[in-house]
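Please look over the sequence and the model before reading on.

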Amino acid sequence: MAASAPGLISVFSSPQELGASLAQLVAQRAACCLAGARARFALGLSGGSLVSMLARELPAAAAPADPASLARWTVGFCDERLVPFEHAESTYGLYRTHLLSRLPIPDSQVITINPQLPVEEAAEDYAKKLRQAFQGDPIPVFDLLILGVGPDGHTCSLFPDHPLLQRILEAKEENPLPAALVQPHTGKLCWFLDEAAARLLTVPFEKHSTL
């Protein structure tokens, strides 16, 4: 018998419906955090197909909020490549062009690498920027992390040593795929899948439609 899948699994009829619901989740979580004691919202973003999905849906979802509230958003990146921001594989560069240019989030609130540094120095510099942005926290804790899953089961730039066998959500394994290792210590884990991605699932999931 397959093990219970981690977190809540939501399945959508199309990537467009998934994107709209994901954008609403971001907007709702932001409103909740901004109304809380810290009065800030920290969002961690992954690259890949998430860029175009969020660029298409998030500006409209965030529009009803007070424009000044977006100045209290902090945006970081869960994965990044050490390339110039103008490079086609720069996660920040893609978000800057397609999403951040449409949201009034101050540049000072967007945490980026320094692509001119060697890789180890760039990592140390980014860690320093995170500590500065999350002062008072022993470990930086984002209010919402959006992690993509690659076709080989990778996430957050963590790649497996073996091919994908349709097993991320289905069972406990001795050597699980990286995406199966995501287990929040606090908060809640939610999976957003379209029907194509969920077609082989046997564990329980919720079917959604925004139509």
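Does Thr112 count as buried or exposed? With a relative accessibility of 14%, Thr112 counts as buried, since buried means under 20% relative accessible area. Keep in mind throughout that this is a predicted model.

**Thr112 and its surroundings**

- Thr112 is placed in the loop between H3 and H4.
- If residues up to four places away in sequence are not counted, Thr112 touches Phe77, Phe85, Tyr92, Tyr126 and Lys129.

**The nonpolar cores**

- The largest nonpolar core contains 41 residues, and those with the most contacts inside it are Phe41, Trp73, Tyr95 and Ile146.
- Two or more residues of this core come from each of these elements: the helices H1 (15–34), H2 (50–62), H3 (91–98) and H4 (119–133), together with the strands S2 (41–45), S3 (73–77) and S4 (144–146).
- There is also a second, separate core of five residues, which includes Ile9, Val11, Leu189 and Leu193.

**Tyr95 and Leu45**

- Apart from its neighbours within four places in sequence, Tyr95 is in contact with Leu45, Ser46, Gly47, Leu50, Val51, Leu54, Phe77, Leu100 and Ser101.
- Leu45, which lies in strand S2, is buried, with a relative accessible area of 2%.
- Again leaving aside neighbours within four places in sequence, the contacts of Leu45 are with Leu54, Val75, Gly76, Phe77, Cys78, Asp79, Tyr95 and Ile146.
- Leu45 and Thr91 stand 46 residues apart in sequence, while their C-alpha atoms are 8.8 Å apart in space.

**Helix H1**

- H1 is made of 20 residues and spans 28 Å from its first C-alpha to its last, which is close to the 28 Å expected at 1.5 Å a residue.
- The buried residues in H1 are Glu17, Leu18, Gly19, Ser21, Leu22, Ala23, Val26, Ala27, Ala30, Cys33 and Leu34.
- As a general point, an α-helix has 3.6 residues a turn, so residues three or four places apart point the same way.

**The cysteines**

- How many disulfides does a search of the whole structure find? The search finds zero disulfides.
- For Cys32, the closest cysteine sulfur is in Cys33, at 5.5 Å, and this is too far for a bond, because a disulfide is a pair of cysteine sulfur atoms within 2.5 Å.
- Cys32 counts as partly exposed, at 47% relative accessibility, whereas Cys78 counts as buried, at 18% relative accessibility.

Definitions and conventions: Residues numbered from 1 in each chain as written. Predicted model: local features only at pLDDT ≥ 70, side-chain atom pairs only at ≥ 80, totals over all residues. Heavy atoms only, no water. Core = buried A, V, L, I, M, F, W, Y, C linked by side-chain atoms within 4.5 Å. Buried < 20%, exposed > 50% of the residue type's maximum accessible area, 1.4 Å probe, protein only. Helix = DSSP H or I, 4+ residues; strand = E, 2+ residues; numbered from the N terminus. Contact = heavy atoms within 4.5 Å. Expected span 1.5 Å × (residues − 1).
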